[in-house]
Amino acid sequence: MAKILMIISAADTLTLADGTAHPTGYWAEEVAASHRVLAEAGHRVDIATPGGVRPTVDPISLDGRGGVEPATGAAFRAYLESIEAELAAPLDLADVRAADYDALYLPGGHAPMTDLAAAPVLGALLSDADSRGATIAALCHGVAGLLSAERADGSFVFAGRSLTGFTDAEEQQGGLGDAAPWLVESRLAERGADLRTGAPWSDTVIVDGNLITGQNPQSSVTTAKQVLAALQEA
């Protein structure tokens with residue numbers, strides 16, 4: 001049995017380009033589907049957030065506003081209720097050690113853009129895990145958390161690495177559009193990442209050594225299964 005640390009944003013708002021606060025949170029499918037695949041494979045999945053704050057699910061990720069069919073939204077809600085104890089009392093990200101885990105897993109929703117993209121404690125965990133070759137997985141807007149990993153000279157730890165994430169096109173088509181404070185794909189490219197994206201809303205997962213990234217919610221299950229494959233190989 002491997003130990004996996006699922007790192008979820010604790011933010012419930014995102015400041016938009018015009019300075020207004022937009023309600024947000026984690027995307028239900030990315031947590032529920034990923035957690036289910038990992039846990040049903042027999043692995044231990046711990047949940048951590050900045051400050052140990054209970055994370056908030058983005059309500060639109062459970063209904064038609066987020067393109068989610070009623071039955072699917074109900075299934076996500078039911079699974080989240082089944083892990084209510086873990087979500088209600090997550091570990092404090094500052095209290096965990098990367099060395100205690102075989103994999104780190106960052107699901108998305110717009111929330112990571114608020115508190116994970118520039119979190120030094122997360123950056124230290126990611127840098128430590130990467131230096132040891134531990135599996136690092138990030139999904140959709142969760143890849144924004146990778147931006148927190150910087151070397152002492154300010155360079156991006158994942159510069160030159162092949163990865164994917166929520167694309168600029170997807171942000172325009174079904175995200176916040178021009179209201180977004182910044183674009184995840186563009187920001188990662190600016191920092192030197194090698195972006196490999198599929199068609200909008202396609203199930204696209206990129207594996208570069210120990211780094212596994214999924215493009216969007218539709219990539220949740222495949223991303224988690226790639227983590228299982230990496231853990232089995234290890």
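The structure is a predicted model: local features need pLDDT of at least 70, side-chain atom pairs count only at pLDDT 80 or more, and totals for chains, interfaces and linings use all residues. Residues are numbered from 1 along each chain as its sequence is written, and side-chain values use heavy atoms, with hydrogens and water left out.

**Domain**

An unreviewed UniProt entry annotates residues 30-229 as "domain: DJ-1/PfpI". UniProt positions follow the numbering used here, feature names are shortened, and annotations may be inferred rather than shown by experiment. The span is 34% helix and 14% strand. Its end C-alpha atoms lie 18 Å apart. Helices (H or I, at least four residues) and strands (E, at least two) are DSSP runs, numbered from the N terminus.

**Helix α1 and its partners**

Helix α1 covers residues 28-40. Helix α2 covers residues 70-82. Their axes come within 9 Å and cross at roughly 60°. Axes are lines fitted to C-alpha atoms, for helices over the stretch in contact, and angles run from 0 to 180 degrees between N-to-C directions. α1 and α2 are therefore oblique to each other. Angles under 35 degrees count as roughly parallel, over 145 as roughly antiparallel, 65 to 115 as roughly perpendicular, and the rest as oblique. The α1 and α2 crossing is left-handed. That term applies if the near helix is turned anticlockwise from the far one by less than a right angle; clockwise is right-handed.

On the α1 side, the contact uses Ala 28, Glu 29, Val 31, Ala 32, His 35, Arg 36 and Ala 39. On the α2 side, Phe 76, Tyr 79 and Leu 80 take part. Contact means heavy atoms within 4.5 Å. By class, the residues of this contact are 7 nonpolar, 1 polar and 2 charged. Ala, Val, Leu, Ile, Met, Phe, Trp, Tyr, Cys and Pro count as nonpolar, Asp, Glu, Lys and Arg as charged, and the others, Gly among them, as polar.

α1 also packs with helix α8 (residues 220-233). The angle is about 35°, and the axes are 8 Å apart. This crossing is right-handed. α1 supplies Glu 29, Glu 30, Ala 33, Ser 34, Arg 36, Val 37 and Leu 38. They meet Ser 220, Val 221, Ala 224, Lys 225, Val 227 and Leu 228 in α8. The contact of α1 with α8 has 7 nonpolar, 2 polar and 4 charged residues.

**Single residues**

Buried means under 20% relative accessible area, exposed over 50%, and partly exposed in between (1.4 Å probe, protein chains only).

| Residue | Relative accessible area | Class |
|---|---|---|
| Leu 188 | 0% | buried |
| Cys 140 | 2% | buried |
| Trp 201 | 32% | partly exposed |
| Gly 133 | 45% | partly exposed |

Leu 188 sits in helix α7 (residues 184-190). Leaving out residues up to four places away in sequence, Leu 188 touches Val 143, Leu 147, Phe 156, Leu 163, Ala 193 and Leu 195. Its C-alpha atom is 33 Å from that of Gly 42, 146 residues apart along the chain.

Cys 140 is in the loop between β7 (135-139) and β8 (162-163). Its phi is positive, about 60°, although Cys 140 is not a glycine.

Trp 201 lies in the loop between β9 (194-195) and β10 (205-208). Trp 201 is also a residue other than glycine with a positive phi, near 70°.

Gly 133 belongs to the loop between α5 (120-131) and β7. The C-alpha atoms of Gly 133 and Asp 58 are separated by 32 Å, with the two residues 75 apart along the chain.
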